[in-house]
Amino acid sequence: MTVMQSTPVPLEHTTRPADVCSAPPPRHPRPDGEDSYTISEVVAFTGLTAHTLRWYERIGLMAHVDRSHSGQRRYSNRDLDWLDLVGKLRLTGMPVADMVRYAELVREGDSTYGARRALLEATRRDVQARIAELQDTLAVLDRKITFYSGATRPYEAERTPTR
């Protein structure tokens, strides 16, 4: 899945590119127009719990989810794309309040591009700082592994019986 793919619009009718991820187009379980998923299907596709999906909707992280005639939630491919983006934002460590704010900005429309960009840029800076910390930690681990790799050889040689 990728992020918030908009319905394709002919190039002559648009001045801005669609809000898409650089990843390849999603492979949705069903084609657009036939994309009506139950909450249990979305749970299976995303790994999220039904409780989490309902909570996302309740706090405003998910836009209004369509309902069937019997009141059951019906998710679309666009909803799956949005959940994929939310999953990526969660991995960045973005606070839920910021994710909700981002969702609100998306619902407000194109006039919020600047605010969305600023929010994502701040998150990107945080991710870059965490990556630098992890790279430093990885370097420490590599040094320790190298040390112990060299340190065990003499010990093992002492314990190996000679014939």
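A residue is called buried here when its relative accessible area is under 20%. By that criterion, buried residues account for 27% of the 163 residues in the chain. The model described is a predicted one.

## Overall architecture

The chain contains 5 helices and 2 strands. Read from the N terminus, its elements follow the order α-α-β-β-α-α-α. The accessible surface of the chain amounts to about 11,600 Å², and carbon and sulfur atoms contribute 55% of that area. When contacts between residues at least 6 apart in sequence are considered, 55% of them join residues at least 24 apart.

In soluble globular proteins, nonpolar side chains tend to be buried together. The largest nonpolar core of this model has 23 residues, of which Y75 and W82 touch the most other members. Helices α1, α2, α3 (77-92) and α4 each provide at least two residues of this core. Its largest share, 6 residues, is supplied by α3.

Which residues does Y75 contact beyond its neighbours within four places in sequence? The partners of Y75 are D35, S36, Y37, T38, I39, V42, L53, M62 and V65. One of these partners, Y37, is buried, because its relative accessibility is 0%.

## Aromatic pairs

A pair of aromatic rings is described by the distance of the centres and the angle of the planes. The model holds 4 aromatic pairs. Among them, Y37 and F45 form an edge-to-face pair, because their ring planes stand at 90° with the centres 5.3 Å apart; the cut-off for this class is an angle over 60 degrees. Y37 is buried at 0% relative accessibility, whereas F45, at 33%, is partly exposed.

W55 and Y56 form an aromatic pair of the tilted kind, with 5.8 Å from centre to centre and 40° between the planes. In this pair W55 is partly exposed, at 31% relative accessibility, while Y56 has a relative accessible area of 4% and is therefore buried.

## Salt bridges

Side chains of opposite charge can pair when their charged atoms come close. Over the whole structure, 7 salt bridges are found.

| Salt bridge | N to O distance |
|---|---|
| R30 and E41 | 2.5 Å |
| R67 and E57 | 3.7 Å |
| E108 and R101 | 3.7 Å |

What parts of the chain does the pair of R30 and E41 tie together? R30 belongs to the segment before α1 (39-46) and E41 to helix α1 itself, so the bridge connects parts 11 residues apart in sequence. Both partners are partly exposed: R30 has 26% relative accessibility and E41 has 23%.

The salt bridge between R67 and E57, at 3.7 Å, likewise has partners in separate elements. R67 is in strand β1 (residues 66-67) and E57 in helix α2 (residues 50-59), and the pair links distant parts of the chain that are 10 residues apart. R67 is partly exposed at 40% relative accessibility, but E57 counts as buried because its value is 17%, which falls under the 20% cut-off. E57 and R67 also take part, together with R73, in a network of salt bridges.

In the bridge between E108 and R101, R101 is partly exposed, with a relative accessible area of 36%.

## The α4-α5 loop and the surface of α5

T112 is located in the loop between α4 (96-108) and α5. Is T112 buried or exposed? T112 counts as buried, because its relative accessibility is 6%. Apart from neighbours within four places in sequence, T112 contacts L105 and V106.

Helix α5 (residues 113-159) includes I145. At 54% relative accessibility, I145 is classed as exposed, since the cut-off for that class is over 50%. Together with L138 and L141, I145 makes a nonpolar surface patch of about 300 Å².

Methods: Residues are numbered from 1 along each chain as its sequence is written. This is a predicted model: local features need pLDDT of at least 70, side-chain atom pairs count only at pLDDT 80 or more; totals for chains, interfaces and linings use all residues. Side-chain values use heavy atoms; hydrogens and water are left out. Patches are made of residues with over 30% relative accessible area and no salt bridge: like charges are joined within 9 Å, nonpolar side chains (Val, Leu, Ile, Met, Phe, Trp, Tyr) within 5 Å. Accessible areas come from the Shrake-Rupley method with a 1.4 Å probe; for residues, only the protein chains shown count as cover. A salt bridge is a side-chain nitrogen of Lys or Arg within 4 Å of a carboxyl oxygen of Asp or Glu. Helices (H or I, at least four residues) and strands (E, at least two) are DSSP runs, numbered from the N terminus. Buried means under 20% relative accessible area, exposed over 50%, partly exposed in between (1.4 Å probe, protein chains only). Rings of Phe, Tyr and Trp (its six-membered ring) pair if their centres lie within 6.5 Å; planes under 30 degrees apart count as stacked, over 60 as edge-to-face and the rest as tilted. Contact means heavy atoms within 4.5 Å. A nonpolar core is a set of buried Ala, Val, Leu, Ile, Met, Phe, Trp, Tyr and Cys residues joined through side-chain atoms within 4.5 Å.
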